[in-house]
Amino acid sequence: MIQARILIIDDDPDVLTALRLLLKKEIAEIIVEKNPERIPAILSSEHIDMIMLDMNFKSAINSGNEGLYWLSRIKEQKKDILVVMITAYGAIDLAVQSLKQGAADFIVKPWINEQLIDTIKELLSRKESKNHKPKDTQIALADVIGESESMKTVFYKLGKIAPTDANILILGENGTGKDLIATAIHKQSNRAKQAFVKVDVGALTDSLFESELFGHKKGAFTDAREGREGRFESADKGTLFLDEIGNISLQQQAKLLTVLQNRQVTRLGSNQAINIDIRLVCATNIPLRELADENRFRKDLIYRINTVEIQVPPLRERGDDILLLAEHFIKRYAEKYMKVISDIDKKARKKLLEYHYPGNVRELQYSIERAVIMSENSVLSSEDIVFSPIENAQFQSSSDKDAHNLIELERNTIVKVIEKHNGNISKASKELGITRTALYRRLSKYNI
């Protein structure tokens, strides 16, 4: 029996009865409905895998337009749902038109039972195959969602490197889901049954760094009333995830490098080295080119932690993944807050796709949770979507800073070129690629 729910809509009770009896032995659940006006409410409150929809509901008209109308309404509410049209032999042209408008297939009355069942099974099987990711993109974590090309690249890399013991550096802006990727790597690795230990090393002070990572003996310092193993020991045989590694000091980097080179830790207050067997995954929001500055980060440590790097793309570069994630969060928070919300209207979708997301997936999640809490309807509208004022303020501040930097750059460039030509405005304007008048305006603007 196929685990699916099919909704059959036809104003002829004999047709409903015949289809229900035919399909109930093949399909897990069959829902029948005579009134097409009930379609939006059913789709809002029920999970439906396929709809079988009659093309005529008004026997006096029999134009088939009713079926096309309801097909368009269904696709507006649930664009990916399978719709199979039910039509009479004389309305084949309309049935073909329905395919152009998004129907998956059509059946002709009177139907042949075996052919009808085969058609439905094939469509449901095709849908399942489409939703099933290839083996090398299988991620053992439901929250890693994405179908964009940039995320397919991430999934491909994960499929290749997760089963190995290679050290991995995950790069990406705040809120892109680096911790989810790290968890996915562990769950896809040969160490999946062992511990996964996460440490936000960027938040550790110098006094806590060694104790937290390497452990301490009883009495090693004033508050050390008993001995404690560090995170390296806790992760033995498993995966250690060091988040925000780009924010640790050079002194902390040196201590970390020693442990990684020797694969041994020594607890504070002890002289006994303890062997460790870990798979190391690190993450940072600092671009690799900035990490390469040795005044900020040791190059020998970069090479040690970065056998393979994974760049997690910002949400603004992931296209329709925004809508996939939004739908995922709607489902999660509708269940959490016991709300009947099933979709997003067109204006809300447009608003979601056009926003710049300085806070990335985390900001989208916040916005959807708020929208679900505040909404009074079964479909989220554009007015329900409110983005984080905190992220917007930071984004604006960053933009203002960039603008200030550009102004300073232009002013300094003009000064240098004028000095180069000993105050000759004609030669300076020619080198700058602007007219003398434009250069005079800038001299006045910058008070040069």
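**Entry 1. Helices α13 and α14**

I looked up the crossing of α13 and α14 in this predicted model, and α13 passes α14 in a right-handed crossing. I use the handedness terms as follows: a crossing is left-handed if the near helix is turned anticlockwise from the far one by less than a right angle, and right-handed if clockwise. Helix α13 covers residues 321–336 and helix α14 residues 346–354; their axes come within 9 Å and cross at roughly 120 degrees. Axes here are lines fitted to C-alpha atoms, for helices over the stretch in contact, with angles running from 0 to 180 degrees between N-to-C directions. α13 and α14 are therefore oblique to each other. The classes are roughly parallel under 35 degrees, roughly antiparallel over 145, roughly perpendicular from 65 to 115, and oblique for the rest.

I then listed the residues that meet: Ile322, Leu323, Ala326 and Glu327 in α13, and Arg349, Leu352 and Leu353 in α14. Contact means heavy atoms within 4.5 Å. By type, the residues of this contact divide into five nonpolar, no polar and two charged. For these types, Ala, Val, Leu, Ile, Met, Phe, Trp, Tyr, Cys and Pro count as nonpolar, Asp, Glu, Lys and Arg as charged, and the others, Gly among them, as polar.

**Entry 2. Conventions and overall counts**

I note that residues are numbered from 1 along each chain as its sequence is written. Because the model is predicted, local features need pLDDT of at least 70 and side-chain atom pairs count only at pLDDT 80 or more, while totals for chains, interfaces and linings use all residues; side-chain values use heavy atoms, with hydrogens and water left out.

I find 18 helices and 16 strands in the protein. Helices (H or I, at least four residues) and strands (E, at least two) are DSSP runs, numbered from the N terminus. Of the 448 residues, 42% count as buried. Buried means under 20% relative accessible area, exposed over 50%, and partly exposed in between, with a 1.4 Å probe and protein chains only. Among contacts between residues at least 6 apart in sequence, 68% join residues at least 24 apart.

**Entry 3. Helices α8 and α10**

I next took α8 (residues 206–214) and α10 (residues 250–262), whose axes come within 10 Å and cross at roughly 15 degrees. α8 and α10 are therefore roughly parallel to each other. The contact is made by Asp206, Phe209, Glu210 and Phe214 of α8 and by Gln251, Gln252, Lys255, Leu256 and Val259 of α10. Its residues divide into four nonpolar, two polar and three charged. α8 passes α10 in a right-handed crossing.

Within α8, I record Phe209, Ser211, Glu212, Leu213 and Phe214 as the buried residues. The helix is followed by Gly215, whose phi is positive, near 85 degrees.

**Entry 4. Nonpolar cores**

I looked for nonpolar cores, each a set of buried Ala, Val, Leu, Ile, Met, Phe, Trp, Tyr and Cys residues joined through side-chain atoms within 4.5 Å. In the largest, of 30 residues, Phe232, Leu242 and Ile245 touch the most other members. The elements giving two or more residues to this core are β6 (168–171), β7 (196–200), α8, β10 (239–243), α10, β13 (279–284) and α12 (299–305). α10 gives the most, with four residues. A second, separate core of 23 residues includes Leu325, Ile330, Leu352 and Leu380.

**Entry 5. Backbone exceptions and loops**

Most residues other than glycine have a negative phi, and most peptide bonds are trans. I noted these exceptions.

- Lys109 and Pro110 are joined by a cis peptide bond, with omega about -5 degrees. Pro110 lies in the loop between β5 (105–109) and α5 (113–131) and is exposed, with a relative accessible area of 77%.
- Glu244 has a positive phi, near 55 degrees. Glu244 is in the loop between β10 and α10 and is buried, at 15% relative accessible area.
- Asn422 also has a positive phi, near 55 degrees. Asn422 is in the loop between α16 (389–420) and α17 (425–432) and is exposed, at 74% relative accessible area.

Last, I checked Ile434, in the loop between α17 and α18 (436–445). Ile434 is partly exposed, with a relative accessible area of 25%. Leaving aside its neighbours within four places in sequence, Ile434 is in contact with Ser429, Leu439 and Arg442.
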